[in-house]
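Open the model in your viewer and keep the sequence panel beside it. The stops below go from the sheet to the cores and then to charged pairs.

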Amino acid sequence: MNLARFPRVRLGHMPTPLEPMDRLSKHLGGPRLWIKRDDCTGLSTGGNKTRKLEFLMADALAQGADIVLTQGATQSNHARQTAAACAKLGLACHILLEDRTGYTDAAYTQSGNVLMDKLHGATTSRRPGGADMQAEMEAVAETMRAEGRKPYVIPGGGSNPIGALGYVNAAQELVTQASDMGLRIDHLVHATGSAGTQAGLVVGLVALNSGIPVLGIGVRAPKPRQEANVLALAEKTIAHLGLPALVKAEHVVANCDYVGQGYGIPTQGMVDAVRLLAEQEGILLDPVYSGKGMAGLIDLIGKGMFRPDENVVFLHTGGQVGLFGYPDAFGLAGDLPR
C-alpha cells in the first residue's frame, strides 16, 4: 500500500506512542494491556480525527475550497479538530451541531469542544436531534455556493474513503511499532462510532496480512447496523486504494453492549473506566467514545474473553476536552444508569 499516492497535509504528531499499561493490567488481573495514544496527535488537544483530516484537508485544498463545512454532536471531537485544521490552513469553517442528548446546561452547550470550536474561529449553527445532517449540510453548502463561496463538505466524523485513509496509515504505523518493539499484538480494541476509524484499521491490517483482529466497542448504533456501516466503508476504502476486495464480513466485529441509553449519554461503566484509567495510569479518557470503549474492554476482560498471556492494544481516540461538558456525570456517578 503506497499511501504517498494520495494528497496529504501534515497536521499531527506521528507516530503516536504505543505504551504498556502495567498498573491497569495488574489491577485487572487480565491480559497485558497496551495503549496506542492517538489522543497525542497534537492538533487542538489531539484525537483520532486528525489522521483523517490530513487526507480530507488535502483534498479540500486541491479542490480550491475556501470554507469547510462539517457536522457532529454538540460536543463533537471531530468538529473541534476540523476547526483547528482550518485555522492552521487559513480556511473558514462552519459546523452544524446536532443535539443528540437533550442536555441544555451551559457546561454541555458552551464548554469543552464547543468553546474550542469558537476559539479556533469556526462559526456554528444548531440542529435538533434526529435531523438528516447530511441533507442539512448540503442545503447550507448550496446557499454558500450561491453566495460565491467554494465549500468543501466533510461527513460526520470525517468518515468516508478519503478520511479512512488516515487509519489505513495508522494500521501501518502500529504494525511497524510493534515489530520494532518485538511485540505480538493479539487484539486491537477501540471505540467505534461513525465507522471511519474501524474501517481504516480493518483495511490496513487485512491488507498487511497482520493477523491482528479488530474489535470495535460501539457508542451509538446497534451491532448489525454498526457492523454493516463499517463493512460498507471498508469496501469503499479498499476500492479507493485500488486493492482487491480483501475485506470480508468476518473481519468486521463490533460489540454494542456498552452504549447505555444512547450516544453521548453517560453510563456508570464509562464513569468507572475514566476514573480507573486516571487513577491507575494517569491517562484521561473521554466520556463519549474512549470511556465507553474502555468500559467494554474492562467488562470483557472480567468475562474471560482474553487469555492472561495475550497482548491487547487499546486505541485511545482522544476527546478528553469533552470531560468539561459532563461535570455532573462525575459528581453524581452513583445515580447514573448502567
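Two strands count as paired if DSSP finds at least two bridges between them. Helices (H or I, at least four residues) and strands (E, at least two) are DSSP runs, numbered from the N terminus. This is a predicted model, in which local features need pLDDT of at least 70 and side-chain atom pairs count only at pLDDT 80 or more, while totals for chains, interfaces and linings use all residues. Residues are numbered from 1 along each chain as its sequence is written, and side-chain values use heavy atoms, with hydrogens and water left out.

**The sheet**

Select the strands E1, E2, E10, E7, E8 and E9. These six strands form an open sheet in the order E1-E2-E10-E7-E8-E9, with mixed pairing. At the edges stand strand E1 (18-20) and strand E9 (253-255); each has a single partner strand, so one side of each is left without a neighbour in the sheet. Direction ignored, neighbouring strands of this sheet are turned by 30° against each other on average.

Now show E7 and E10, which run parallel and are joined by four bridges. Which residue of E10 is the bridge partner of leucine 188? The partner is valine 313.

Axes here are lines fitted to C-alpha atoms, for helices over the stretch in contact, and angles run from 0 to 180 degrees between N-to-C directions.

**The cores**

A nonpolar core is a set of buried Ala, Val, Leu, Ile, Met, Phe, Trp, Tyr and Cys residues joined through side-chain atoms within 4.5 Å. Buried means under 20% relative accessible area, exposed over 50%, and partly exposed in between (1.4 Å probe, protein chains only).

Select Val189, Met294, Leu297 and Phe330: of the 36 residues in the largest nonpolar core, these touch the most other members. Among the elements that each supply at least two residues of this core are strand E2 (32-37), strand E7 (187-192), helix H10 (268-281) and helix H11 (290-302). Stay on leucine 297 and show its contacts (heavy atoms within 4.5 Å). Leucine 297 touches Leu33, Val189, Phe306, Val312 and Phe314, not counting residues up to four places away in sequence. For a second, separate core of 33 residues, select Leu205, Ile212, Val247 and Val313, which are included in it.

**Charged pairs**

A salt bridge is a side-chain nitrogen of Lys or Arg within 4 Å of a carboxyl oxygen of Asp or Glu. By this rule the count is 16 salt bridges.

Go to arginine 8 and glutamate 54, whose side chains meet in a salt bridge (2.8 Å, N to O). This pair links distant parts of the chain, 46 residues apart: arginine 8 is in the segment before E1, and glutamate 54 is in helix H2 (residues 49-62). Is glutamate 54 buried or exposed? Glutamate 54 counts as buried, because its relative accessibility is 1%. Arginine 8, at 24%, counts as partly exposed.

Next, select arginine 149 and aspartate 66, a salt bridge with its closest N and O atoms 3.5 Å apart. Arginine 149 lies in the loop between helix H6 (133-146) and strand E6 (151-153), and aspartate 66 in the loop between H2 and strand E3 (67-73), so the pair ties together parts that are 83 residues apart in sequence.

Finish with arginine 127 and glutamate 136, a salt bridge whose closest N and O atoms are 2.7 Å apart. Then select Lys36, Asp38, Arg51 and Glu173, which salt bridges with shared partners join into one network.
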